[in-house]
Amino acid sequence: MAANIIDGKAISAAVKEQVRDEIAHEELKVGLAVVIVGDDPASRVYVNNKKKACEFCGIKSYEYALPEETTQEALLELVDTLNADANVNGILVQLPLPEHLDEKSVIERISPNKDVDAFHESNVGRIMIGNYSFLPCTPAGCMELIHSTGVEVSGKECVVIGRSNIVGKPMAMLLLHENGTVTVCHSKTRNLAEVCRRADILVAAVGRPNFVTADMVKPGAVVIDVGINRLDNGKLCGDVKFDEVSEVAGWITPVPGGVGPMTIAMLMRNTVTAAKIQK
Ligand code: NAD
């Protein structure tokens, strides 16, 4: 039996409409500053999509496109300026930064209540203890997609493949907050297929095309594919071998059109939250 497709495009559109209505209804003035350094084409696409989402929601976007050779000092100075700017409620520095720049110190410089990516150490810590204002956009978007299926997380076996700071680890925490029994797998995990087959909810955040195959999936499971991989033919593909896994899973996200659009929708939501906190 073929899986139900989780429509990230439709669900993200609904979140953005909610954000737009909230801004209009509460007459909020909301601004998001997006900083991009260098001319990485993928980053450019992400930044343009964020700008479009801001326009839709009624969020003013301020774009700072800096040249590749920007120094650490100049970037930190810009962050300081944006921290102090009352029109800017959220600050997002598009990653990855060029190699000569130190990402960690740039993120730590962003005021935690403007850190709409939730990458700042203090926001990461708050997520650990469950006392947070912002959730990191991609894991929060995955949770929305899981909720849309009607499958309860509580008590379920949840397996997250990947342990990065921006996806895998916070994803595991959010599932844990909802009382899932969570296993985090990574490159050193033994018997990966066997562990994954236990999952009622399987989240793949590996960054390898077609990594998750049908034999790794429990029949009826919810499968969330975070991966965005560019193939040699230019096409985008996820971490999950969609054709065969969709024959086994109960629910599955496509790539594109699954987690990707949700990440941006959750950024819009975080930016409104930031504006409200600052108000
Ligand atoms: P990362 O490279 O930081 O982490 C990858 C993780 O996969 C690591 O923790 C590693 O241990 C694990 N891994 C690697 N090989 C493995 C193996 N053989 N077996 C088990 N685990 C293995 O990547 P990331 O930043 O977490 O991103 C993961 C993917 O998600 C990438 O494709 C990225 O482009 C995508 N992504 C998508 C969105 C979105 O909005 N949809 C957002 C962020 C990242």
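The model is a predicted one. It holds 10 salt bridges, while a search of the whole structure finds zero disulfides.

**Cysteines**

- A disulfide is a covalent bond between the sulfur atoms of two cysteines.
- Cys-142 counts as buried, because its relative accessibility is 0%.
- Cys-185 is likewise in no disulfide, and the nearest cysteine sulfur, in Cys-196, is 5.0 Å away. To count as a disulfide, two cysteine sulfur atoms must be within 2.5 Å.
- Cys-185 is buried as well, with a relative accessible area of 1%.

**Salt bridges between parts of the chain**

- Lys-51 and Glu-63 form a salt bridge in which the closest N and O atoms are 3.2 Å apart. Lys-51 belongs to helix α2 and Glu-63 to strand β3 (residues 60-66), so this pair ties together parts that are 12 residues apart in sequence.
- Lys-51 is partly exposed, at a relative accessible area of 35%, and Glu-63 is partly exposed at 28% relative accessibility.
- Arg-269 forms a salt bridge with Glu-144, with 3.0 Å between the closest N and O atoms. Because Arg-269 lies in helix α10 (residues 259-278) and Glu-144 in helix α6 (residues 137-148), the pair ties together parts that are 125 residues apart in sequence.
- Arg-269 is partly exposed, with a relative accessible area of 26%, and Glu-144 is partly exposed, with 23%.
- Lys-218 and Asp-200 meet through their side chains in a salt bridge of 2.7 Å, N to O. Lys-218 is in the loop between β7 (201-204) and β8 (222-225), whereas Asp-200 is in the loop between α8 (192-197) and β7; the two residues are 18 residues apart.
- Lys-218 counts as partly exposed, at 30% relative accessibility.

**A salt-bridge network**

- Salt bridges also link Glu-22, Glu-26 and Lys-276 in a network.

- Tyr-46 counts as partly exposed, with a relative accessibility of 32%.

Note on methods. Residues numbered from 1 in each chain as written. Predicted model: local features only at pLDDT ≥ 70, side-chain atom pairs only at ≥ 80, totals over all residues. Heavy atoms only, no water. Buried < 20%, exposed > 50% of the residue type's maximum accessible area, 1.4 Å probe, protein only. Salt bridge = Lys/Arg side-chain N within 4 Å of Asp/Glu carboxyl O. Helix = DSSP H or I, 4+ residues; strand = E, 2+ residues; numbered from the N terminus.
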